[in-house]
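Biologist: Please show me the chain, and then let us go through it by question and answer.

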Amino acid sequence: MTAAPERTAGVDEATLERELTRQLDGEVAFDDYTRHLFSQDASMYTMTPVGVVYPRHVADVVAAVRLAGEAGIPVLARGAATSLAGQTVGPGLVLDLSRHMNRITELDPEARTARVEPGVVQDDLNRAAAPHGLMFGPDTSTSNRATIGGMIGNNSAGSGSVRFGMTIDHVQEVDVVLADGSTATFGVVDEAERARRAEGTTLEAAIHRELPRLVAEHADAIATGFPSFWRRAGGYRLDRLVDGAPFDLAKFLVGSEGTLAIVTSARVGLVPKPARQVFAVGHFETVQGAINATEDALSCDPAQVELMDKTILDLSRQKIEYAALGQILKGDPEALLFVSFTGDDQDELVASLDRLTELWERNGHGYHTLRAITPAEQGALLKVRKSALGLLMAASVGALRPLAFVE
């Protein structure tokens, strides 16, 4: 039996718990068991929070932020906690937004948008959008539990980012609670509107007034200090506010892990859902060989490119529910490269498979390419791909288990 987690020193937790319970409609839990459960996420890190709150609505979030601020306690918003680098653990007050704030409040097929609360699970949004031929573009492998709020927090992408970009490319407007408990709505504003919002003494006014000044003062550092690749998932996106870009605080918040504001609602863009998809699965004798083949794959305009190494393949072979994958692979590859093509014309998709297969053969990439055209042929592949993280996290060799610490 493990010892009870230590309480944070110097904090009047009893008073905070009492006031939260009195002022909030949602549940408040400061017991050791709940705090222990929320001390972990999908990463290797463990930090015991002061307590946990399950807000029912925006007013609960406002009250929790205000009370925690008065007590000098940090606030950490949390969705499904699928992050691998410790983003959803911390020593402060955890707000679990997935239990109650999980409604799709609006879906507009003509505008291709949806208004969602932060606890909406990605698959649930996709199921609601599917009858209209739409979906949310970013496709995470944890889509059956990842929340939209969490995806906004860490700028999730998934293997489909080659075609559909990252979460930042689909967030249009957000309702937020700021550090002082005030609320605001962020999105694209023109210069006249930004100047209007900058008037006054509120925190929102200060943000609209000071942020452009900071961007101008540090324009050179922003231009040279950000990584040159497009799939950026870390740090504050000051690069989105320079070079004549629209002043868009919604996109600026994406990837900030809840450290700038807590999102209570978001309007996100949806994309057409392709009618068909086909896969080319390259077999490689080394991981480096699979990496070398990626450039050829990208030249064929795929919807996604994803690598799966032997660790995941071997783990899948140990589970009877994934045995079908081993039956369709050729040999014992060190790595697989999943390349998908999506669209509405089956002949065009098959032609893309032919083009990639010929390109790999011509350039000596891999020793076999598996073609999965029908849903039946793709079933085993997709099942293992969606379960890869779970397989890895559940693996053990005696007392040894893998620990995720980099994402």
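**Sheet, core and rings**

Modeller: Six strands make up an open sheet with antiparallel pairing, in the order β5-β6-β11-β8-β9-β10. This is a predicted model.

Biologist: Which strands stand at the edges of that sheet?
Modeller: An edge strand has a single partner strand, so one side of it is left without a neighbour in the sheet. That holds for β5 and β10 (247-248).

Biologist: How far can the prediction be trusted, and what is the mean pLDDT of the chain?
Modeller: Over residues 1-10, pLDDT stays under 50. Where pLDDT is low, the predicted coordinates should not be read in detail. Across the chain, 88% of residues reach 70 or more. The mean pLDDT is 88.

Biologist: Which residue takes a positive phi in the hairpin of β5 and β6?
Modeller: Strand β5 (residues 104-108) pairs with β6 in the antiparallel sense, over four bridges. Four residues lie between the strands, and the one with a phi near 60° is Arg-112.

Biologist: Are the residues of strand β6 (residues 113-116) buried or exposed?
Modeller: Thr-113 and Arg-115 point one way from the strand. Ala-114 and Val-116 point the other way. On both sides the answer is buried.

Biologist: In β11, which residue is the bridge partner of Ala-114?
Modeller: β6 pairs with strand β11 (residues 262-269) in the antiparallel sense, over four bridges. Strand β8 (residues 171-177) also runs antiparallel to β11, joined to it by six bridges. Val-171 has Val-268 as its bridge partner in β11. For Ala-114 the partner in β11 is likewise Val-268.

Biologist: At about what angle does helix α8 (residues 203-217) run to β9?
Modeller: The helix lies across two strands, β9 (183-189) and β10. Of these, β10 stands at an edge of the sheet. The angle to β9 is about 35°.

Biologist: What is the relative accessible area of Phe-279?
Modeller: Phe-279 lies in strand β13 (residues 276-284). Beyond four places in sequence, its contacts include Phe-338, Leu-353, Leu-370 and Leu-382. Phe-279 is buried, and its relative accessible area is 0%.

Biologist: What separates the C-alpha atoms of Phe-279 and Glu-377?
Modeller: Along the chain, the two residues are 98 residues apart. In the model, their C-alpha atoms are separated by 9.3 Å.

Biologist: How many aromatic pairs does a search of the whole structure find, and what is the angle between the planes of Phe-38 and Tyr-54?
Modeller: The search finds three aromatic pairs. One of them is Phe-38 with Tyr-54, edge-to-face, at 6.0 Å centre to centre. Phe-38 is in the loop between α2 (32-37) and β2 (51-54), and Tyr-54 is in strand β2, 16 residues away. Their planes are at 75°.

Biologist: Why is the pair of Phe-284 and Trp-360 edge-to-face?
Modeller: Phe-284 lies in strand β13 and Trp-360 in helix α15 (residues 346-363), so the pair ties together parts 76 residues apart in sequence. Both residues are buried. The ring centres are 5.7 Å apart, and the pair is edge-to-face because the planes stand at 80°.

Biologist: Which residue has its charged end over the ring of Tyr-54?
Modeller: Tyr-54 is buried, and so is Phe-38. The charged end over the ring of Tyr-54 is 3.7 Å from the ring centre, and it belongs to Arg-99.

Notes. Residues numbered from 1 in each chain as written. Predicted model: local features only at pLDDT ≥ 70, side-chain atom pairs only at ≥ 80, totals over all residues. Heavy atoms only, no water. Buried < 20%, exposed > 50% of the residue type's maximum accessible area, 1.4 Å probe, protein only. Pairing = 2+ DSSP bridges. Contact = heavy atoms within 4.5 Å. Axes fitted to C-alpha atoms, helices over the stretch in contact; angles between N-to-C directions. pLDDT = per-residue confidence, 0-100. Phe/Tyr/Trp six-rings, centres within 6.5 Å; stacked < 30°, edge-to-face > 60°. Lys NZ or Arg CZ within 6 Å of the ring centre and 35° of its normal.
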